[in-house]
Amino acid sequence: MVCEHCNHSWIERSRVLKEHNNARLNRLEEVEETVMQRRYEKLDQKFNEGAITPQEYAEGLQALEHQNRQVHATLITVWAKRF
């Protein structure tokens with residue numbers, strides 16, 4: 001196996017490599033979920049403090065939902081390429 005990023009090569013059984021990649025992708029999904037949750041919380045906090053208007057809040061929600069869909073589509077693409 002050769003890393004696409006640093007060209008490091010190693011020998012590893014395919015089952016072990018699949019488990020390693022699956023664990024990495026699972027961590028990636030968990031991190032992205034945490035980041036999105038924080039973004040929603042920050043938007044809610046700004047709205048509750050009166051720092052943004054209801055229109056800005058709605059636009060912020062739409063932007064976050066669009067971003068969330070893009071990230072999920074990317075993760076699905078990555079998962080699909082693995083199998």
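**View 1. Asn 68 and the residues it touches.** Setting aside neighbours within four places in sequence, Asn 68 is in contact with Met 36 and Tyr 40, where contact means heavy atoms within 4.5 Å. Asn 68 sits in helix α2, which covers residues 54–82. Helices here are DSSP runs of H or I with at least four residues, numbered from the N terminus. Look for Leu 43 too: Asn 68 and Leu 43 are 25 residues apart in sequence and 14 Å apart in space, C-alpha to C-alpha. A quick note on the source: this is a predicted model, where local features need pLDDT of at least 70, side-chain atom pairs count only at pLDDT 80 or more, and totals for chains, interfaces and linings use all residues. Residues are numbered from 1 along each chain as its sequence is written, and side-chain values use heavy atoms, with hydrogens and water left out.

**View 2. Glu 32, a buried charge.** Glu 32 belongs to helix α1, residues 14–48. Glu 32 is buried (under 20% relative accessible area, 1.4 Å probe, protein chains only). Even so, Glu 32 has no salt bridge, meaning a side-chain nitrogen of Lys or Arg within 4 Å of a carboxyl oxygen of Asp or Glu. The nearest side chain of opposite charge is Arg 39, 4.4 Å away. Neighbours within four places in sequence aside, Glu 32 is in contact with Arg 39 and Val 71.

**View 3. A positive patch on the surface.** Arg 38, Arg 39, Lys 42 and Lys 46 gather here in a patch of positive charge. Patch members have over 30% relative accessible area and no salt bridge, and like charges are joined within 9 Å. Arg 38 is found in helix α1 and is exposed, with a relative accessible area of 53% (exposed means over 50%).

Definitions and conventions. Helices (H or I, at least four residues) and strands (E, at least two) are DSSP runs, numbered from the N terminus. Lys and Arg count as positive and Asp and Glu as negative; His and the chain ends are not counted. Patches are made of residues with over 30% relative accessible area and no salt bridge: like charges are joined within 9 Å, nonpolar side chains (Val, Leu, Ile, Met, Phe, Trp, Tyr) within 5 Å. Accessible areas come from the Shrake-Rupley method with a 1.4 Å probe; for residues, only the protein chains shown count as cover. The place of a charge is taken as NZ of Lys, CZ of Arg, CG of Asp or CD of Glu.
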